[in-house]
Amino acid sequence: MSETRKLPAKIWDWNIEDLLKALCHPTTSREIHIDFSTLELCSISGMIAILCRLKDIHRRGVKIFFSNLENRSDVIAYMQRMDFFKQCGIEFPEEQIRHESRQRFVEISEIGGAGGRTDEGNLAIEIANCLVPDQKDSCEPSETGLWDLVHYSISELILNVIQHSDSSGYVGAQFFPQKNWVEIAIADVGVGIRGSFARKGSPLADKLTDDCSAIDLALKPGITCTTHHPYGESPNAGVGLTLMREVALASGGRFSLVSGDGIHESGQTIPKLIGKEFCGTFVNLVVYKNRITNFSDQLYAIKGDLGMLRKEIDLGDVFR
Amino acid sequence: MNEVKLEMIECVGSFCSNGETGLNLLVDVVKPAIEKENRVIFDFTGVRSVNSSFSNALFGNIIKRYGRGVLKQITVSNANTYVQNEVKAAFLMKSNLQETVPV
């Protein structure tokens with residue numbers, strides 16, 4: 001028995017729900033055909049989400065076929081240039097000349113798990129250097145705002161996948177010069193946020209009755225799953241996702257997060273995928289370049305605005 | 001008070017992003033030095049940036065474990081404004097200051 005899943009015409013981060021509704025519902029079929037016939041546009045966030053869904057479907061023993069690729073030459077060429085099909089294990093001749101990715105996009109990379117990259121620091125530098133090459137050599141934070149933001153975000157989000165998902169995932173990024181925004185997408189096929197609280201033995205896990213409450217909890221500053229470490233200390237402070245959201249919103253951009261049946265976007269978490277859950281966690285960040293000046297000052301201010309800091313403590317003698 | 005100086009670029013490189021790396025440095029080097037009542041000098045010459053994961057794992061856990069009094073044993077030198085902001089935030093983070101684990 002086989003079934004067909006048709007991709008929506010246009011896939012952006014703001015309508016990722018349409019894609020996930022098409023791809024996430026459970027199947028009893030042994031074959032799934034992914035129909036590209038109406039696809040006109042697919043953003044990096046769409047490609048990352050599709051890859052994770054296909055990986056999850058494939059590991060359940062379902063065969064996957066792509067159909068109607070031949071009629072969609074522009075969007076297919078773009079997806080091919082982003083290494084989407086390569087990550088699917090499909091290689092076919094490229095009709096276009098591979099142009100330079102510098103300052104425009106970063107090909108999709110697999111992260112974590114057995115076959116993916118785990119050197120989050122190096123990968124973050126490579127992506128930041130590719131997207132923002134003109135800022136990479138400066139030592140002045142005021143001149144490297146976007147580079148610093150990309151580097152910081154990619155490394156924090158990859159660490160999240162490695163520490164929390166117990167699985168692999170994908171990362172990709174794109175700069176849109178006309179819109180002047182940078183989009184960073186990362187997702188995994190792991191246990192999801194709720195599953196991570198449970199698997200790490202967090203005392204908060206028992207209070208989580210659904211995916212939306214787990215997402216909301218993970219977005220609260222100071223909440224982390226990784227509270228239990230052999231030495232008693234935690235390797236993170238549970239601020240990564242919170243800060244990513246605030247950084248994006250402070251730039252006038254967007255932040256979306258999907259885990260299980262919950263979708264967080266525009267400040268709300270809603271169970272939009274009931275019965276069609278996304279196995280793992282998907283995060284997408286859109287940041288407007290012009291609003292990012294001195295990233296570290298902006299990040300420090302965000303932490304203060306969130307009430308995370310006790311500024312009355314004098315650190316005067318510590319720094320010299 | 002004796003001094004233990006850590007050249008951070010040698011310990012963790014020019015971009016410190018990994019919390020596990022910070023935690024290992026804390027456990028292997030910093031904790032023993034503090035408990036011997038040494039002054040620990042973190043020299044950030046050549047380090048361009050640190051992430052919140054790294055700074056919280058290292059500096060946040062220092063103050064969480066030993067309390068504010070430990071600050072008189074800590075010196076951060078040659079840090080650019082990016083690194084200073086991250087280290088400051090780790091020291092001042094409420095979740096790190098709320099509970100002090102008895103040594």
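The structure is a predicted model.

In chain B, 38 residues are in contact with 40 residues of chain A. The size of an interface is often given as the accessible area lost when the parts come together. Here chain B and chain A bury about 3800 Å² between them. Carbon and sulfur atoms account for 57% of that area. Three residues stand out on the chain B side. Arg48(B), Tyr82(B) and Leu92(B) supply 18% of the area that chain B buries against chain A, more than any other three residues.

The rule finds two salt bridges between chain B and chain A. Arg48(B) forms a salt bridge with Asp148(A). The closest N and O atoms of Arg48(B) and Asp148(A) are 3.5 Å apart.

H4(B) gives the largest share, ten residues. By type, the residues on the side of chain B that touches chain A divide into 16 nonpolar, 15 polar and seven charged.

H4(B) deserves a description of its own. This helix has twelve residues. From its first C-alpha to its last, H4(B) reaches 16 Å, close to the 16 Å expected at 1.5 Å a residue. H4(B) is mostly covered, with nine of its twelve residues buried. Among them are Tyr82(B) and Leu92(B), along with Val83(B), Val87(B) and Phe91(B). The buried residues also include Asn85(B) and Glu86(B). At the start of H4(B), a side-chain oxygen of Asn80(B) reaches to within 3.0 Å of the backbone nitrogen of Tyr82(B).

In chain A, Arg59(A) belongs to helix H2 (residues 44-59). Is Arg59(A) buried, partly exposed or exposed? Arg59(A) counts as partly exposed because its relative accessible area is 44%, which falls between the 20% and 50% limits. Leaving aside neighbours within four places in sequence, Arg59(A) is in contact with Ser167(A), Val189(A) and Cys279(A).

Methods: Residues numbered from 1 in each chain as written. Chains lettered and ligands numbered in written order. Predicted model: local features only at pLDDT ≥ 70, side-chain atom pairs only at ≥ 80, totals over all residues. Heavy atoms only, no water. Contact = heavy atoms within 4.5 Å. Buried area = accessible area lost by both parts, 1.4 Å probe. Salt bridge = Lys/Arg side-chain N within 4 Å of Asp/Glu carboxyl O. Helix = DSSP H or I, 4+ residues; strand = E, 2+ residues; numbered from the N terminus. Nonpolar A, V, L, I, M, F, W, Y, C, P; charged D, E, K, R; others polar. Buried < 20%, exposed > 50% of the residue type's maximum accessible area, 1.4 Å probe, protein only. Expected span 1.5 Å × (residues − 1). Polar contact = N/O pair within 3.5 Å; in protein donor to acceptor, adjacent residues only side chain to side chain.
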